[in-house]
Amino acid sequence: MNQLPDSAMHLNRETSNLAPTVNQIAVLIVNYRSTVLVNQLLHGLSERYGSQCHVYVADNSGDFELRADIGAKLPIKIITTGGNIGFGKACNALVAQSREPFLLFLNPDVALLDEPLTSLIRSYAELLSLEPSSPGFVLGISLVDDYDAPQPSFGNFPSIPADLADVLRLPSARRVRSAPTCVSGLRSVDYVSGAFMLMSRALFERAGGFDPRFFLYFEETDLQKRIRSFGGTVYTLTTVRAIHRNGGTHVSSMMRDRHIYEGKKVYIRLHYRGLARLAMLGLNEIRFAKRRLRHAWDRDRSRNAIASS
């Protein structure tokens, strides 16, 4: 396994005021029972960037095994967390272990299609020239599934109208605000998916990192809400794509829905007060109850199909 070069451990943090180079980006990945997916992602990184790419993997399940051929080409550090401490806490641990002035958070169930880092670096440089006084930027890209169908890449911050529309299954629930910019392919959004998210270390640290009260889901939404509160801006680069096998690291869709429910409950309690908080918590309960009924109906239908076959 290649060791991270000493130069990567001593990069001047003032470089966060400049556009990054590939070797100034720490690629941060959290493993939880997803060794195959992580190795596939690492293989894609090693083929594109080789020793320029500095990777850190947090092993939340204690079962990660790095393929020898990848470890020979890719500078990588593996951190054992001692148990499933959740996504945000594991990412915070990875940031603490890294020294690069830029951070790229990558989900294990992401597969690279285009050449993302060069395009993101170019867009970051253009944003710096347009917004030199900005405290920093968060950048994401377009996510698709294996059939090139769009996956959630960015979104609106939760609100009562949006959550009510979602519960009632109104068409407006699917509308996501975004605004074009002067930079080709970049759109301004509320937040980008944590499956692929680039920012400077300085911005991450100013925001306080991921809130450890989140276990899974909504931690990146909360982080970007705080970043935007002090003037940071968030963009998605629509001209670069990656495959995101959404939920690829989950044991079941029911478990995924429970994690979403719990994560959103934490988010609501942090960002809402009074009647608005009660309304948002109530809508979250209704949504989760509907999802549980749906899972129960699907389970019963499967059992009946098996019994009648």
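**A serine and its surroundings**

Let's begin with Ser98 and Arg201, whose side chains are joined by a polar contact of 2.7 Å. By polar contact I mean a pair of N or O atoms within 3.5 Å; within protein, one must be able to donate a hydrogen and the other to accept it, and residues adjacent in sequence count only if both atoms are side-chain atoms.

Before going on, a word on where this comes from: it's a predicted model, where local features need pLDDT of at least 70 and side-chain atom pairs count only at pLDDT 80 or more, while totals for chains, interfaces and linings use all residues. Residues are numbered from 1 along each chain as its sequence is written, and side-chain values use heavy atoms, with hydrogens and water left out.

Back to Ser98. You'll find Ser98 in the loop between α3 (87-97) and β4; helices (H or I, at least four residues) and strands (E, at least two) are DSSP runs, numbered from the N terminus. Is Ser98 buried or exposed? Ser98 is buried, at a relative accessible area of 1%. For that label, buried is under 20% relative accessible area, exposed is over 50%, and partly exposed is in between, with a 1.4 Å probe and protein chains only. Setting aside neighbours within four places in sequence, Ser98 is in contact with Ala26, Tyr56, Leu103 and Arg201, contact being heavy atoms within 4.5 Å.

**Strands and cores**

Now to strand β4 (residues 102-106), which runs antiparallel to β12, with five bridges joining the two. Strands pair if DSSP finds at least two bridges between them. Across that pairing, Leu104 stands opposite Leu198 in β12. Strand β12 covers residues 196-200, and five of its five residues are buried. On one side you have Phe196, Leu198 and Ser200, and on the other Met197 and Met199.

What about the largest nonpolar core? It has 39 residues, and those with the most contacts inside it are Ile29, Leu42, Leu45, Val55 and Leu106. A nonpolar core here is a set of buried Ala, Val, Leu, Ile, Met, Phe, Trp, Tyr and Cys residues joined through side-chain atoms within 4.5 Å. Take Leu106: not counting residues up to four places away in sequence, its partners include Val27, Ile29, Leu45 and Phe196. Apart from this core lies another, of 25 residues, including Ala90 and Phe210.

**Salt bridges**

How many salt bridges are there? The count comes to 13, taking a salt bridge as a side-chain nitrogen of Lys or Arg within 4 Å of a carboxyl oxygen of Asp or Glu.

One of them links Arg241 and Asp148, at 2.7 Å, N to O. Arg241 sits in strand β13 (residues 233-244) and Asp148 in the loop between β6 (137-144) and β7 (150-151), so this pair ties together parts that are 93 residues apart in sequence. Arg241 is partly exposed at 29% relative accessibility, and so is Asp148, at 44%.

Another pairs Asp211 with Arg213, also at 2.7 Å, N to O. Here Asp211 is buried at 10%, whereas Arg213 is exposed at 56%.

The last one I'll show is Glu262 with Lys265, where the closest N and O atoms are 3.5 Å apart. Both are in helix α8 (residues 253-271), three residues apart, which means about one helical turn between them. Glu262 is partly exposed at 31%, and Lys265 is buried at 15%.
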